[in-house]
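Here's a quick tour of one protein chain, written for someone new to reading structures. Have a look at the picture, then follow the notes below.

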Amino acid sequence: MAHLPPRIDDQITFRKLEMLLAFIDAGNLARAAERLDTSAVSVHRALRTLEEAMRCPLFRTEGRNLVPLESARVLAETAQEVLVQMAVSYTHLRAHETSLH
């Protein structure tokens, strides 16, 4: 019987991980929001709830700027792997499902 991994907080979602990746890549909230077709406020809120869910600091504030800490970069690396693997699995399963019909 497979052992279940530790429970992950419900606030950690694929969408929030996508927002983290966009923010790390873009360098600021406005550009991340533009890439995701949403508002900077939504990205900021998502990153803060992600930080709360992780129960460790991911960012520091410098003036009006949110600056990622090393912990955010480590999480972003993991998020990239998880999202890529999920996309591969999704594509594979959809192709398999289509071939059954």
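Is Arg 48 buried, exposed or partly exposed? Arg 48 is partly exposed, with a relative accessible area of 22%. (Buried means under 20% relative accessible area, exposed over 50%, and partly exposed in between, using a 1.4 Å probe and protein chains only.)

Before going on, two notes on where the values come from. This is a predicted model, so local features need pLDDT of at least 70 and side-chain atom pairs count only at pLDDT 80 or more, while totals for chains, interfaces and linings use all residues. Residues are numbered from 1 along each chain as its sequence is written, and side-chain values use heavy atoms, with hydrogens and water left out.

**The overall layout**

- The chain has 4 helices and 2 strands; helices (H or I, at least four residues) and strands (E, at least two) are DSSP runs, numbered from the N terminus.
- Reading from the N terminus, the elements go α-α-α-β-β-α.
- The chain has a radius of gyration of 16 Å, whereas a compact globule of 101 residues would come in near 13 Å. (The radius of gyration is taken over C-alpha atoms, and the globule rule is 2.2 Å times the number of residues to the power 0.38.)
- Taken along the principal axes, the C-alpha atoms fill a box of roughly 55 × 35 × 20 Å.
- Of the 101 residues, 29% count as buried.
- Among contacts with a separation of 6 or more, 44% are between residues 24 or more positions apart; contact means heavy atoms within 4.5 Å.

**The nonpolar core**

- The largest nonpolar core has 23 residues, and Leu 20, Phe 23, Val 43, Leu 47 and Phe 59 touch the most other members. (A nonpolar core is a set of buried Ala, Val, Leu, Ile, Met, Phe, Trp, Tyr and Cys residues joined through side-chain atoms within 4.5 Å.)
- The elements giving two or more residues to this core are α1, α2 (29-36), α3 (40-54) and α4 (70-100).
- Helix α1 brings the largest share, 7 residues.
- Not counting residues up to four places away in sequence, Leu 47 touches Met 19, Leu 20, Phe 23, Leu 29, Phe 59 and Leu 66.

**The aromatic pair**

- The count comes to 1 aromatic pair. (Rings of Phe, Tyr and Trp, with its six-membered ring, pair if their centres lie within 6.5 Å; planes under 30 degrees apart count as stacked, over 60 as edge-to-face and the rest as tilted.)
- That pair is Phe 23 with Phe 59, and the arrangement is edge-to-face: 5.7 Å centre to centre, with 80 degrees between the planes.
- Phe 23 sits in helix α1 (residues 14-26) and Phe 59 in strand β1 (residues 59-62), so the pair ties together parts that are 36 residues apart in sequence.
- Both Phe 23 and Phe 59 are buried.

**Salt bridges**

- There are 6 salt bridges by the rule used here: a side-chain nitrogen of Lys or Arg within 4 Å of a carboxyl oxygen of Asp or Glu.
- One of them joins Asp 9 to Arg 55, with the closest N and O atoms 3.5 Å apart.
- This pair links distant parts of the chain, as Asp 9 is in the segment before α1 and Arg 55 is in the loop between α3 and β1, 46 residues apart.
- Asp 9 is partly exposed at 24% relative accessibility, while Arg 55 is exposed at 66%.
- Arg 48 pairs with Glu 51, and their closest N and O atoms are 2.6 Å apart.
- Arg 48 and Glu 51 are 3 residues apart in helix α3, so about one helical turn separates them.
- Glu 51 counts as buried, at 12% relative accessibility.

**A look at Pro 68**

- Pro 68 is found in strand β2 (residues 65-68) and counts as buried, at 18% relative accessibility.
- Leaving aside neighbours within four places in sequence, Pro 68 is in contact with Phe 23, Ile 24, Leu 58, Phe 59 and Arg 73.
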